[in-house]
Amino acid sequence: MKFTTKFRGFLLLSMFSVGKYAIAQKNYSISGSIKSKTTGEYIIGASIRVLSTPYGTSTNEYGFYSISLPPANYQIVYSAIGKTPDTFSIDLVRNIEKNIRLSEAGYELSNVIITGSKSTGRSVTGSQMGIEKLSVQEAKNIPVIFGEKDLLKTIQLLPGIKTAGDGNSGLFVRGGSTDQNQIILDEANIYNAAHLFGFFSTFNSDAIKDIAVYKGGMPAQYGGRLSSVVDVRMNEGNNQKTSVSGSLGLISAKLNVEGPIQKNKSSFLVTGRRTYADMLLRLEDKYKDNQLYFYDLNAKLNYELGRKDKLFVSAYFGRDVLDYNKQFGLLWGNGTGTMRWNHIYSSRLFSNTSFVFSNYNYEFKVRNGTNDIRIFSQIRDWNLKQDYQYSINNNSTVRFGWSGIYHIIRPGEITGSATSSINDKIQDKRYSCENALYASNTFKTGRNITITIGARLSAFTVLGGGNFYQIDAKGNITDTIRYTKGEEVKTYYNLEPRVSAGYLLNTNSSFKAAYTRNAQYMHQITNTNGSSPLDKWVSTSNIIKPKISNQFSLGYYANIIRNRYEFTAEVYYKTLENVVDYRNGADLFLNETIETQLLFGNGRAYGLELMLRKKTGRLTGWVSYTLSKSEQKINGINNGKWYNATQDRTHDISIVGIYALSKRWTLSGNFVFYTGSAVTFPAGKYQVNGQTAYYYNSRNADRMPAYHRLDFGATLQLKKTRRWTKELAFSLYNVYGRENAFAINFRDRKDNPNLTEIVQTSLFRWVPSISYNFKF
């Protein structure tokens, strides 16, 4: 109750402190939504600029905008990346609703090609920092493995965002582990964003409209993870005309169908994707019983109930299937569903209500004669959230709301067939509620300073429905307590303040600073460097405490050389509490008392991120560099001294170039280099009953070899008319055939067992690909 009272007081004080200026003069509002004239879809981040004044705003994630101005006649420019700007003269003598439809920008090779602020999120103005944005159009020309457009792979070329390695979709963001990233698709949590063990992400680019990554200065409406938020928004569907698009590649095919249900009012979108490597395997008799493929399906409906009400329903379902000779099989996948209702109460107050479902599970089967075994694990969320956006005046906007998530975890179940000698083992389900209230206020103090003050009050309640344990410092169980389903075991509260400020030096440059505190209640248990389908999620319990982070960041932003280039520099320092690592020799797989295998301590991460981007002309692209350090200090590991976190990498460089050679040909390339991940190699070996065993010294004191790779790509426009678009996309992954280390193992030499040899495993050298893309 005490926290709630303070939170309410903060909100009222924040609104009054800037709202009092609105009383001095009567203002009127111009509000509405901005859509694409071609598809009717709402545009996120469209710009609204009032000429001859310092005023302006942008659309929110639902395409809504509101700006308040004194009575006068104004020239207002509406613009968005890839759209033709439109200017309107408005005589503001009352509140006005102004809905805008922007046309697609015409393509001329000699024209300036703008891929700036919306695609990168690096706006000079405002207070938001630590954000990366990427458009699907920009990502489609960047070469990736197997030629599949992949937004999650492409954002790993941006500063501060590091790949977990080949064959892995995991992200390391500003020194955080993979589970510290909240990946959401239309507001639904995605707990494993990978297909085929990480070679593909779950996001079919044909279904995606926008992706934003918040690395620091996270807005108060986001919470639940320490390092980043990856917010992915699906397309809404064309409400002007029916269209079909797709692609056919070497190992996968995609098809997208969208169109109006009722023109200008409602639309649908259905997108499917499937790999067919297993079909090729069946051509060989010895592989005909093997399966290796994935498929996913995106669907969305939206309907305008009236001028002030809109309804959106979206769903995603994806599945990976691996089966070897009918002896063992592995299935895993995500399923989500989101229903959103947008309501405009007035020209200043916008509301969004969302009901969200999320599910991830894996199933592992072993068939060995009469011993058929099935292993199953699942995490499922039910989420209800309410968001409001209120424009106090042109200098101040307030966002506030709440959310509630009900988590259900089935940690692990082993069941056998009727003829199996294996006894069934069903671990207790874990239930919990994660609730939050939030509020933030973005306001200007003068022409040059923009400040955002926000806070999030989170509460996590551990609920009964099984056994809970008490353990000593050595991990031994000292007591077992059983709670009935729904009984409160423990509740954690955390107040998470967020403050950011931007100071505009001139029209082309600014300084920004931010402080963000986050709490994380869901934790991933994994014995890999990145993520895998068999990773286990556990919730905060009476023993596992919430992780806490405090991040401080400072940045400089500049548009240079007649706005053709964009330069940014950010530094950050982050402290972490209650980070998790494992005891030596920890047994993680299907361990019902997983807490006995865990150790807890502190962490710290700090770094410098630089980026230079060319935004215009035939040649566009960027160079990014990250210098960073990530460490942990946990009693029971490395004698209680600081040691490298697994995700620690000193240097990370990415160079990306896209060149419009002609109206038909577009060339692209990217080069990446990064320091090898921290690992623990054996310091010696000994014999036990004739078997070699290794012993280790300091944890993560060694390094994998440095990684580097060059990729090339080319796109040939075969045909482009008002009705048809056809193109061929070529790519070569790892041009110079670098054998980067995927794993390093140690074994006795066959000719002399007293000596040890090191064996490096590499996945790919050259991976050529070609795909045919079409739209009509």
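Which residues make the nonpolar surface patch of about 790 Å²?

**Figure 1. Overall architecture of the chain in the predicted model.** The secondary structure comprises five helices and 51 strands. The radius of gyration is 27 Å, close to the 28 Å given by the globule rule for 776 residues, so the chain is as compact as a globular protein of that length. Along the principal axes, the C-alpha atoms fill a box of roughly 90 × 65 × 50 Å. Of the 776 residues, 55% count as buried. The accessible surface comes to about 33,300 Å², and carbon and sulfur atoms contribute 56% of it.

**Figure 2. The largest nonpolar core.** This core has 39 residues, and those with the most contacts inside it are Ile155, Leu185, Phe203, Ile208 and Val230. Elements that each supply at least two of its residues include the helices α3 (136–139) and α4 (151–154), together with the strands β12 (181–185), β16 (208–214), β17 (228–234), β41 (651–660) and β42 (665–674).

**Figure 3. Surroundings of Ile155 in the core.** Apart from neighbours within four places in sequence, Ile155 is in contact with Leu134, Ile161, Leu171, Ile211, Val213 and Val230. Val230 is also among the core residues with the most contacts.

**Figure 4. The nonpolar surface patch of about 790 Å².** The patch is made by Ile261, Leu301, Val313, Met339, Phe355, Trp382, Leu384, Trp402 and Leu437. Met339 lies in strand β23 (residues 328–344). With a relative accessible area of 42%, Met339 is partly exposed.

Notes: Residues numbered from 1 in each chain as written. Predicted model: local features only at pLDDT ≥ 70, side-chain atom pairs only at ≥ 80, totals over all residues. Heavy atoms only, no water. Core = buried A, V, L, I, M, F, W, Y, C linked by side-chain atoms within 4.5 Å. Buried < 20%, exposed > 50% of the residue type's maximum accessible area, 1.4 Å probe, protein only. Helix = DSSP H or I, 4+ residues; strand = E, 2+ residues; numbered from the N terminus. Contact = heavy atoms within 4.5 Å. Patch = residues over 30% accessible without salt bridge, like charges linked within 9 Å, V, L, I, M, F, W, Y side chains within 5 Å. Areas by Shrake-Rupley, 256 points an atom, 1.4 Å probe, with all protein chains shown as cover. Salt bridge = Lys/Arg side-chain N within 4 Å of Asp/Glu carboxyl O. Rg over C-alpha atoms; globule rule 2.2 N^0.38 Å.
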